[in-house]
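Please examine the sequence and the three-dimensional model shown here. The briefing below accompanies them.

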Amino acid sequence: MNWRAIWSIYVFEMTRAGRTLIQSIVAPVISTALYFVVFGAAMGTRIAQIEGVHYGAFIVPGLIMLMLLTQSVTNAAFAIYFQKFIGTIYELLSAPISPFEIVVGYVGAAATKSIILGFVILITAFFFVPMRIDHPVWMLGFLILTAITFSLLGFIIGIWAGGFEQLQFVPMLVITPLTFLGGTFYSISVLPPAWQTVTLFNPLVYLISGFRWSFFEIADVHVGVSLGMTALFLVACLAGIWWIFRTGYRLKT
Amino acid sequence: MPPIISIAGLEKRYASGLQALKRVDLEIRKGEIFALLGPNGAGKTTLINIVCGIVTPSAGKVTVGGHDIQSDYRAARSLVGLVPQELLITPFETVWQTTRFSRGLFGKPGDAGYLEKVLKDVALWDRRKSKIVTLSGGMKRRVMIAKALVHEPQVLFLDEPTAGVDVELRQEMWHVVRKLRDSGVTIILTTHYIEEAELMADRVGVINRGEIVLVEEKAVLMHKLGKKQLTVQLAQPLAEIPARLASYKLGLGHGGRELVYTYDTQAEHTGIAGLLHDLAAAGVEFKDIQTTQSSLEEIFVDIIKGKR
Ligand SMILES: Nc1ncnc2c1ncn2[C@@H]1O[C@H](COP(=O)(O)OP(=O)(O)O)[C@@H](O)[C@H]1O
Ligand SMILES: [Mg+2]
């Protein structure tokens with residue numbers, strides 16, 4: 001293992017994030033805080049509670065998930081795509097490092113950034129709504145696993161993408177809608193039975209449900225199922241990465 | 001001594017179907033400066049990129065320091081530094097950050113002293129805290145060299161190091177390259193300027209359309225190429241060359257109005273004085289004389305066309 005190389009990539013990426021602090025931390029926090037204010041404060045007065053949880057608090061896990069998913073994908077996708085775009089990827093390809101080490105460096109940095117972001121949003125939430133965390137270890141587990149999994153997905157997208165607009169495609173047009181429809185703002189049980197069934201085909205339902213369970217012990221599906229789905233995603237992304245490096249897909253000519 | 005780089009039967013066919021390299025065999029000796037000379041599109045960059053791990057070969061075997069570039073890529077790549085043809089560098093890091101990053105990628109521990117030495121060698125020490133985006137083109141190119149050197153490679157590839165570079169910087173680069181060679185680094189540079197190969201290299205390889213056409217010691221090559229021609233324009237056309245001038249192996253051209261004498265500039269006696277004397281003695285009157293040296297470009301084109 002070339003640990004120094006992994007560390008170099010990690011530090012390089014974290015430094016880059018530090019330079020764009022406003023963009024990478026402040027902007028997502030402000031937009032999430034707006035959700036708290038609009039939904040939590042304004043609508044929370046009308047929808048009093050869901051299963052005994054204040055509505056403003058109920059939406060927090062879903063909103064953190066939304067940020068975690070989109071930011072993990074975007075960060076990792078942008079980082080590797082940028083190297084490809086300006087050609088500096090030559091340095092990675094000609095260094096004595098394995099593809100696995102490259103992935104650990106980039107995905108590690110992207111996941112770290114979105115985990116930090118998740119915490120910042122969580123702390124912000126405590127200022128706006130009555131929060132509680134019933135199972136902090138599970139909460140942390142879901143947070144870390146999801147960040148890693150979706151950073152891997154972002155890495156794949158970054159390698160696949162042929163232009164900057166394609167980097168935005170998955171976070172904007174797939175993840176965001178699926179998160180909104182996946183029970184961020186409501187419990188699946190309020191939907192008509194037919195829609196409940198349809199909703200279960202939305203993979204993000206499982207992530208949001210499990211994450212919310214770790215806060216309030218309320219869930220749309222059993223927490224074990226959520227964990228299983230998260231693991232399944234992780235394995236699928238790892239398989240995708242393995243295939244990319246085995247074939248040199250879009251990396252080497 | 002075994003060659004530091006050995007290339008055997010190397011082929012590359014790009015996905016487009018284009019055959020960029022055709023069974024290339026080449027050995028690079030330890031410590032030499034080797035110039036790979038060839039026109040645009042000859043396959044120079046492809047060859048370098050394969051050795052460095054950026055392009056996957058279609059067939060063939062390459063070893064660096066005895067290590068196979070595919071099965072033993074870590075050991076092989078550790079020995080190699082690459083300065084690519086284009087300025088490929090992230091804009092917002094400082095000179096110091098970007099060179100330290102390169103060293104880290106090669107798994108070397110941070111060594112501020114060594115970084116300082118490399119940056120001083122390429123005259124960038126004063127700019128170490130500057131962001132790349134604020135540097136001139138020539139400085140960026142030197143940063144690229146520093147990045148390639150900072151992991152202490154034994155072999156340095158310079159892909160067209162002086163293309164589009166002004167005279168002053170070119171001199172500077174040559175100076176840096178010579179210093180490196182003196183410190184024992186093997187250098188392979190590609191160029192399409194013959195003068196550059198002539199000035200810098202110990203050996204020269206000529207590549208065209210994916211094939212190595214010729215590999216020669218520079219001194220031998222230059223000797224072969226160091227021919228000049230003297231053209232004598234005659235007052236009256238000649239039907240044939242007078243017998244007493246036979247030893248000069250003259251050519252008769254331009255409808256008998258010109259005599260062409262080919263001589264070696266590096267020979268002790270060029271024979272020009274004798275020729276002029278004998279011309280007068282043979283009663284051949286001439287209006288004018290001129291000498292021409294085939295330009296390096298012409299020579300190069302001749303090699304490629306197989307005339308030399
Ligand atoms: N990625 C690529 N895909 C397809 N063809 C390529 C690629 N890179 C280079 N080529 C082609 O291969 C040939 C050799 O290119 P190159 O090695 O860059 O030559 P040189 O460096 O000598 O100018 C050229 O015809 C070029 O168009
Ligand atoms: Mg080239």
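The model is predicted: local features need pLDDT of at least 70, side-chain atom pairs count only at pLDDT 80 or more, and totals for chains, interfaces and linings use all residues. Residues are numbered from 1 along each chain as its sequence is written, chains are lettered from A and ligands numbered from 1 in the order in which they are written, and side-chain values use heavy atoms, with hydrogens and water left out.

**Ligand 1**

- Ligand 1 lies between chains A and B, where a residue counts as near if one of its heavy atoms lies within 4 Å.
- Its shell holds 13 residues, of which Gly41(B), Gly43(B), Lys44(B), Thr45(B) and Thr46(B) come nearest.
- The shell divides into 5 nonpolar, 7 polar and 1 charged residues; Ala, Val, Leu, Ile, Met, Phe, Trp, Tyr, Cys and Pro count as nonpolar, Asp, Glu, Lys and Arg as charged, and the others, Gly among them, as polar.
- Helix α1 (residues 44–52) of chain B gives the largest share of the shell, 3 residues; helices (H or I, at least four residues) and strands (E, at least two) are DSSP runs, numbered from the N terminus.
- Oxygen atoms of ligand 1 lie 2.7 Å from a polar backbone atom of Gly41(B), 3.1 Å from a backbone N or O atom of Ala42(B) and 2.6 Å from a side-chain N or O atom of Thr45(B).
- The protein covers 66% of the 550 Å² of accessible area that ligand 1 has on its own, by the Shrake-Rupley method with a 1.4 Å probe.

**Magnesium ion (ligand 2)**

- The magnesium ion is coordinated by Thr45(B) through OG1 and by Gln85(B) through OE1, at 1.9 to 2.2 Å; donors are N, O and S atoms within 2.8 Å of the metal (3.2 Å for Na, K and Ca), and sites may look incomplete because water is not among the atoms.
- Thr45(B) belongs to helix α1 of chain B, whereas Gln85(B) sits in the loop between β6 (80–83) and α3 (95–105) of chain B, 40 residues apart.
- Thr45(B) is partly exposed at 26% relative accessibility, as is Gln85(B) at 27%; buried means under 20% relative accessible area, exposed over 50%, and partly exposed in between (1.4 Å probe, protein chains only).

**Helix α3 of chain B**

- Because 8 of its 11 residues are buried, α3(B) is largely enclosed by the rest of the structure.
- The buried residues include Val95(B), Phe101(B), Arg103(B) and Leu105(B).
- Their cover includes α1 (3–19) and α4 (89–93) of chain A, together with α4 (112–121) and α5 (137–149) of chain B; contact means heavy atoms within 4.5 Å.
- Gly107(B), which follows α3(B), has a positive phi near 75°.

**Buried residues of chain A**

- Gln83(A) is found in helix α3 (residues 55–86) of chain A and is buried at 6% relative accessible area.
- Not counting residues up to four places away in sequence, Gln83(A) touches residues including Phe12(A), Tyr106(A) and Thr90(B).
- Ile89(A), in helix α4 of chain A, is buried at 10%.
- The C-alpha atoms of Ile89(A) and Leu251(A) are separated by 8.6 Å, although the two are 162 residues apart along the chain.
- Ser94(A), in the loop between α4 and α5 (99–128) of chain A, is buried at 8%.
- Beyond residues up to four places away in sequence, Ser94(A) touches Cys52(B), Ile54(B), Arg77(B) and Phe106(B).

Note on methods:
Polar contact = N/O pair within 3.5 Å; in protein donor to acceptor, adjacent residues only side chain to side chain.
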